[in-house]
Amino acid sequence: MSLDQMNDLYREVVLDHAQHPHHYGQIGKDSVHFQMENPTCGDVIDVSAIIKDGNVDEIGFTGTGCTISQASASMMTTVLTNKSVSEARDLILSFSDLITGKEINDKKEDQLGDASLLASVAEFPARIKCATLAWHALDELLQKEGTSK
Amino acid sequence: MNWKINEVRKDFPILDQQVNGERLAYLDNAATMQQSRPVTDAVLHYYQTTHSNVHRGVYTLSNQATDMYEQAREKVAHFINTESSEQIVFTRSTTESLNLVAQGFGDAVVNPGDEIVISVAEHHSNLIPWQQLASRRSAHLKYIELNEDGSFDMDSATRVITKKTKIVAVAHVGNVIGIQNPINKLEQLAHKVNAYLVVDGAQAVSHMAVDVQELNADFYAFSGHKLGAPTGIGVLFGKSNLLAKMNPVQFGGEMISKVTRDVATWKKTPLKFEAGTPNISGAIGLGVAIDYVQKMGLKSIQDYEEKLMQRMLTGIEGISGVTIYGPHNTKKRLGVLSFNIDGVHPHDVATGLDLLGIEVRAGHHCAQPLMQDLGVAATARASIAFYNNMADVDQLIDGVKQVKEFFLHES
């Protein structure tokens with residue numbers, strides 16, 4: 001098999017997101033944060049968001065991690081910015097389904113944009129935690145903060 | 001060397017397979033070793049001919065099972081050279097052994113203001129039980145720092161071990177860097193101040209001969225599965241007077257001597273620490289795993305593994321942009337090689353190697369304080385056993401080159 005299958009997991013878009021992550025860094029003072037750790041490797045990600053009137057106006061993240069976790073975080077910020085809290089949480093669920101090998105409808109897959117390229121993570125079960133780290137962190141944040149703002 | 005690697009590998013049929021379409025190179029032996037055919041045969045034979053509970057029955061099968069279980073205890077005692085098999089307690093794992101010492105013994109001897117000394121390189125299983133003990137007993141947990149090559153800084157050890165020290169708990173061989181620690185020097189430091197020495201032998205037993213009397217360890221813990229036995233069987237050795245003083249932490253069947261409605265008394269060591277039905281087949285498998293390595297000879301194993309490590313070390317350090325943690329000297333390194341490809345996360349390295357049939361561990365290896373000390377979140381770790389061959393090592397070296405090329409060229 002050699003490394004051919006690597007190309008499925010680490011497509012050019014994935015590598016590009018990992019190396020040039022979108023929305024990397026701190027965002028404004030009004031932001032709320034949630035930090036999450038991948039207990040198997042010790043990677044930490046800090047996701048921040050500005051939530052106003054039930055809408056996710058801005059998302060940023062910091063932290064270090066593997067290619068999959070960094071690319072996934074970058075894709076997430078692009079996909080979920082300017083979504084309502086409920087839409088964002090719905091898409092987080094769809095993403096989680098996608099990379100655990102469950103089928104999602106075409107509309108949801110379109111909405112996930114670049115993140116849908118991570119579907120091949122389903123073939124690498126050990127890496128699912130890497131791919132979902134940022135999404136779970138944002139979900140926790142939205143659960144905690146989304147209803148109160 | 002009185003054995004041939006190709007013959008040895010025939011005893012480990014799991015090695016003769018393809019993973020992801022590639023020849024398997026199993027190099028995660030520090031996590032768990034594979035079991036030889038004699039071990040799995042013995043376990044199967046026990047279940048098919050002798051399975052029954054131990055120490056309870058008055059019938060033939062139970063007597064046979066009890067004999068096999070106790071013979072395994074004798075083999076363990078002989079293997080690490082204890083004075084008596086009564087000094088061997090069967091547990092579930094190294095972790096359970098160390099927790100038993102921390103709770104059953106530590107709680108009895110550590111008082112508020114006392115000190116417990118470990119090293120910054122300890123596996124969590126030899127760190128958290130002491131952290132918890134220190135918290136329960138209002139004691140201080142102190143750390144021996146490391147030299148740049150990962151060895152204990154003996155000046156630091158001399159400073160942190162004081163008259164207030166009650167317990168010194170360290171690994172015999174580190175699970176990340178693989179250095180054999182200077183137990184004899186620590187033993188002298190610990191006993192000089194009347195502290196007790198606890199040794200985590202999980203990474204030592206499959207790579208070198210262990211003699212607990214020579215080490216003068218008060219307690220010595222290890223897991224069977226790191227030695228080619230089934231999972232779920234662990235060992236705790238303790239000096240007789242200390243085991244007599246140690247309290248059981250699990251209570252129930254078979255560990256009691258007499259029970260009334262209000263009180264109970266315990267059996268003698270070691271049975272007072274083996275509440276409930278033990279891992280009988282695991283103990284029997286451990287006995288056979290010990291027979292196996294003793295037949296090969298620990299000295300022969302150590303010499304052979306040094307050759308494997310030399311090739312691995314030379315090959316990996318020859319790849320530019322790869323950082324190796326710990327000494328670049330095979331005399332100081334047993335079994336494991338932790339490394340990182342600069343700019344590539346170890347999880348990505350391990351996934352790439354897996355697709356090439358090479359199984360290594362990537363992560364913090366349950367040693368987060370050491371990772372903090374090394375300034376990394378995680379490392380990739382290749383670890384060898386006596387059944388590995390040069391082809392496994394070469395496959396790893398070539399795999400690391402390919403993975404590096406993939407990430408650094410594609411980027």
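Reader: Which helix gives the largest share of the lining of the second largest pocket, and how many residues is that?
Author: This is a predicted model. In it, β4 (88–91) and α4 (94–109) of chain B each supply at least two residues of that lining. The largest share comes from α4(B), with four residues.

Reader: What is the volume of the second largest pocket, and which residues are closest to its centre?
Author: The second largest pocket has a volume of about 350 Å³. Its lining holds 21 residues. Closest to the centre are B:Thr91, B:Arg92, B:Glu96, B:Gln250 and B:Phe273.

Reader: How do the residues of that lining divide into nonpolar, polar and charged?
Author: Take the lining of the second largest pocket by class. Its residues divide into nine nonpolar, eight polar and four charged.

Reader: How much space lies in the largest pocket, and which residues are closest to its centre?
Author: About 440 Å³ of space lies in the largest pocket. Its lining has 21 residues, among them residues of chain A and chain B. The closest to the centre are A:Ala126, A:Arg127, B:Ala350, B:Thr351 and B:Val360.

Reader: Which element gives the largest share of the lining of the largest pocket?
Author: Elements that give two or more residues there are α12 (346–355), β15 (358–359) and β16 (361–363), in chain B. One of them supplies five residues, the largest share. That element is α12(B).

Reader: How many residues of the lining of the largest pocket are charged?
Author: Sort that lining by class. Eight residues are nonpolar and six are polar. The charged residues number seven.

Note on methods. Residues are numbered from 1 along each chain as its sequence is written. Chains are lettered from A and ligands numbered from 1 in the order in which they are written. This is a predicted model: local features need pLDDT of at least 70, side-chain atom pairs count only at pLDDT 80 or more; totals for chains, interfaces and linings use all residues. Side-chain values use heavy atoms; hydrogens and water are left out. On a 1 Å grid over the protein atoms alone, a cavity is a set of points where a 1.4 Å probe fits but cannot get out, and a pocket is an open set with protein on both sides within 12 Å along at least five of seven lines; lining residues have an atom within 4 Å of a point. Grid points are joined across faces, edges and corners, and a volume is the space filled by probe spheres set on the points. Ala, Val, Leu, Ile, Met, Phe, Trp, Tyr, Cys and Pro count as nonpolar, Asp, Glu, Lys and Arg as charged, and the others, Gly among them, as polar.
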